[in-house]
Amino acid sequence: MRLTVLGSNGTYPTPGNPASGYAVHTPTATVLLDLGPGVFVVSIAAGITPDAVVLTHVHPDHCADLFPLFSAIRFGHPHRWGLPVMVPAGLVDRVAVFLGAGDTHDLHRVFAFDEVAPGDQRRVGDLTIRFGAATHPVPALVVSVEDGRARLVYSGDTGPGGDLPAVAAGCDLLLCEATLQGTPGADRYPYHLYATEAGAIARVARAQRLLLTHLGPTLDPQVSVAEAVAAFDGPVDRAIPGMEVDL
Ligand SMILES: [Zn+2]
Ligand SMILES: [Zn+2]
């Protein structure tokens, strides 16, 4: 199983770094995790034809490129219609409103939306995908992907709590958001993680490796990595576009 980072910027894209998007490949399956702005073009450039897509939540930095993917499939991209797209509760309705799409609109034929809930499990080729609940202001998913040999866990956007620590237990790679830096205080924003918290979750979960992502674009990433290293004994790195991790 290989993870390819397509975009890793927190909250918005910058030149050379789209917002959140990752590809998980095996010899029989390719799954895209999130479609933040900029990810669609990068996925085309990388020759990626997904067998399925997972969108963790409805915030635009995680799903805005569903719209160019929709148009590309609808108007002639070689993707097949009926692409499975796994989503949390409420996302399809929000997307449909944006497009003014009723029940018979092509949106519902181009994509085979599959609303999943925490605890659900799906198969795509040789991949098993399981879902947990994130701590976020909208319904949001924590995602576990395994191929029978290795398992990666992606936090999506989450604050402390939720299912991330349990879902991450024993994983080979924790791809974890670290939007914030410094020491969380009583007035902390509850719906994102500090880098030190990402490290602590990796430590408690006994993850083999931690990959920080969704860093605030104005932050010094070396500070985020140092804060996570101080909280976790294992290898820590920062997700950057084009990075490939074999598991
Ligand atoms: Zn986000
Ligand atoms: Zn979010």
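This is a predicted model: local features need pLDDT of at least 70, side-chain atom pairs count only at pLDDT 80 or more; totals for chains, interfaces and linings use all residues.
## Overall form

The protein chain holds 8 helices and 14 strands. Its C-alpha trace spans about 50 × 40 × 35 Å along the principal axes. A compact globule of 247 residues would have a radius of gyration near 18 Å, and the value for the protein chain is 17 Å, so the two agree.

Of the 247 residues, 52% count as buried. Among contacts in the protein chain with a separation of 6 or more, 58% are between residues 24 or more positions apart.

## Zinc ion (ligand 1)

Four protein atoms coordinate the zinc ion (ligand 1): Asp61 (OD), His62 (NE2), Asp157 (OD) and His214 (NE2), at 2.1 to 2.2 Å. Along the chain these donor residues have the spacing D-H-x94-D-x56-H. The arrangement is irregular because the angles subtended by the 4 donor atoms run from 88 to 161 degrees. For a tetrahedral site, all angles would have to lie between 85 and 135 degrees.

## Zinc ion (ligand 2)

The zinc ion (ligand 2) has His57 (NE2), His59 (ND1), His136 (NE2) and Asp157 (OD) as its protein donors, at 2.1 to 2.3 Å. The site is irregular, with angles of 91 to 165 degrees among the 4 donor atoms. In sequence the donors follow the spacing H-x1-H-x76-H-x20-D.

His59 lies in the loop between strand 4 (52-54) and helix 2 (60-63), while Asp157 lies in the loop between strand 10 (151-154) and helix 6 (164-168), so the pair ties together parts that are 98 residues apart in sequence. His59 counts as partly exposed because its relative accessibility is 22%, and the cut-off for buried is under 20%. Asp157, with a relative accessible area of 2%, is buried.

## The bridge between the two ions

Which residue coordinates both the zinc ion (ligand 1) and the zinc ion (ligand 2)? Asp157 does, and the two ions are 3.6 Å apart.

An open sheet is built from 7 strands in the order 7-8-9-10-11-12-13, and its pairing is mixed. At the edges are strand 7 (121-124) and strand 13 (236-238), each of which pairs on one side only. From one strand to the next, the twist averages 20 degrees.

Within this sheet, strand 11 (residues 173-177) pairs with strand 12 (residues 210-213) in the parallel sense, over 4 bridges. Glu177 stands opposite Thr213 in strand 12.

## Helices on the sheet

Helix 7 (residues 195-205) packs on the sheet and touches strand 11 and strand 12. The direction of helix 7 makes about 155 degrees with that of strand 11.

Helix 8 (residues 221-229) lies across strand 12 and strand 13. Relative to strand 13, helix 8 runs at about 160 degrees.

How values were computed: Residues are numbered from 1 along each chain as its sequence is written. Chains are lettered from A and ligands numbered from 1 in the order in which they are written. Side-chain values use heavy atoms; hydrogens and water are left out. Donors are N, O and S atoms within 2.8 Å of the metal (3.2 Å for Na, K and Ca); water is not among the atoms, so sites may look incomplete. Four donors count as tetrahedral if all angles lie between 85 and 135 degrees; four count as square planar and six as octahedral if opposite donors are over 155 degrees apart and all others between 65 and 115; anything else is irregular. Helices (H or I, at least four residues) and strands (E, at least two) are DSSP runs, numbered from the N terminus. Buried means under 20% relative accessible area, exposed over 50%, partly exposed in between (1.4 Å probe, protein chains only). Two strands pair if DSSP finds at least two bridges between them. Axes are lines fitted to C-alpha atoms, for helices over the stretch in contact, and angles run from 0 to 180 degrees between N-to-C directions. Contact means heavy atoms within 4.5 Å. The radius of gyration is taken over C-alpha atoms; the globule rule is 2.2 Å times the number of residues to the power 0.38.
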